[in-house]
Amino acid sequence: VPRWAQITLAALVGGLLLLATLSLLLRRQVEARTRALVATTHELEAQRANLEHLVAERTGELQTVFDSASSGIVLARERTIVRCNRRFDDMLGYAPGEQTGQSTRIWFPDEAAFLAAGELMYEPMARGETHRHEEMLCRKDGSRFWARISSHAIAPDDLSLGAVGIVEDISIERQARDEI
């Protein structure tokens, strides 16, 4: 066998051994990183499960407060009712959840009162203030009552995220005040 063929063959064998060694090293690095990624994934899944548990727990607590409040509570976004508590449904004569998805226009005796209430509330809420006022509202059956309303924006810099309102029926209080 010519000398050049022996050198070439030895170089090829050496190159193949070098490539095989590099391949094994890279495979071990990939396996180590894969194990690390799997461990990180399991850790993240455990943290997510823990966070989901905490969110469910806090949501349950807040739902209990929401439902047991003696005042009506409503969450509205762009003058559409997102959710309200049972007390607010009772106050307005609606079945639980019946107001969800409807325009807040249903609470007002006419369009002018609806528009005026909006103009009155949005400026203070945009400044981050809680807007408080008394307003004549309408029940589902058309009867009217006096309400004290406190509204606060969820994010004053973005009113499209909605507002929370606390509503109290003050009809008896107003009647007593008028009689005096």
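This is a predicted model: local features need pLDDT of at least 70, side-chain atom pairs count only at pLDDT 80 or more; totals for chains, interfaces and linings use all residues.
Local features need pLDDT of at least 70 and side-chain atom pairs count only at pLDDT 80 or more, while totals for chains, interfaces and linings use all residues. Residues are numbered from 1 along each chain as its sequence is written, and side-chain values use heavy atoms, without hydrogens or water.

**View 1. A nonpolar patch on the surface.** L16, L18, L19, L22 and L25 form the patch. Together they have about 520 Å² of accessible area (Shrake-Rupley method, 1.4 Å probe). Patch residues have over 30% relative accessible area and no salt bridge, and nonpolar side chains are joined within 5 Å. L18 sits in helix α1, residues 3-68 (a DSSP run of H or I, at least four residues). L18 is exposed, at 54% relative accessible area (exposed means over 50%).

**View 2. The largest pocket.** This pocket holds about 300 Å³ of space. A pocket is an open set of points on a 1 Å grid where a 1.4 Å probe fits, with protein on both sides within 12 Å along at least five of seven lines; lining residues have an atom within 4 Å of a point. Of its 20 lining residues, A76, T104, W107, M121 and S151 are the closest to its centre. β1 (72-77), α3 (111-126), β4 (144-153) and β5 (163-169) each give two or more residues to the lining. β5 gives the most, with 4 residues. The lining has 13 nonpolar, 4 polar and 3 charged residues.

**View 3. The second largest pocket.** About 170 Å³ of space lies here. T59, L62, Q63, V65, F66, I73 and R83 form the lining. The largest share, 5 residues, comes from α1.

Key:
Patches are made of residues with over 30% relative accessible area and no salt bridge: like charges are joined within 9 Å, nonpolar side chains (Val, Leu, Ile, Met, Phe, Trp, Tyr) within 5 Å. A salt bridge is a side-chain nitrogen of Lys or Arg within 4 Å of a carboxyl oxygen of Asp or Glu. Buried means under 20% relative accessible area, exposed over 50%, partly exposed in between (1.4 Å probe, protein chains only). Grid points are joined across faces, edges and corners, and a volume is the space filled by probe spheres set on the points. Ala, Val, Leu, Ile, Met, Phe, Trp, Tyr, Cys and Pro count as nonpolar, Asp, Glu, Lys and Arg as charged, and the others, Gly among them, as polar.
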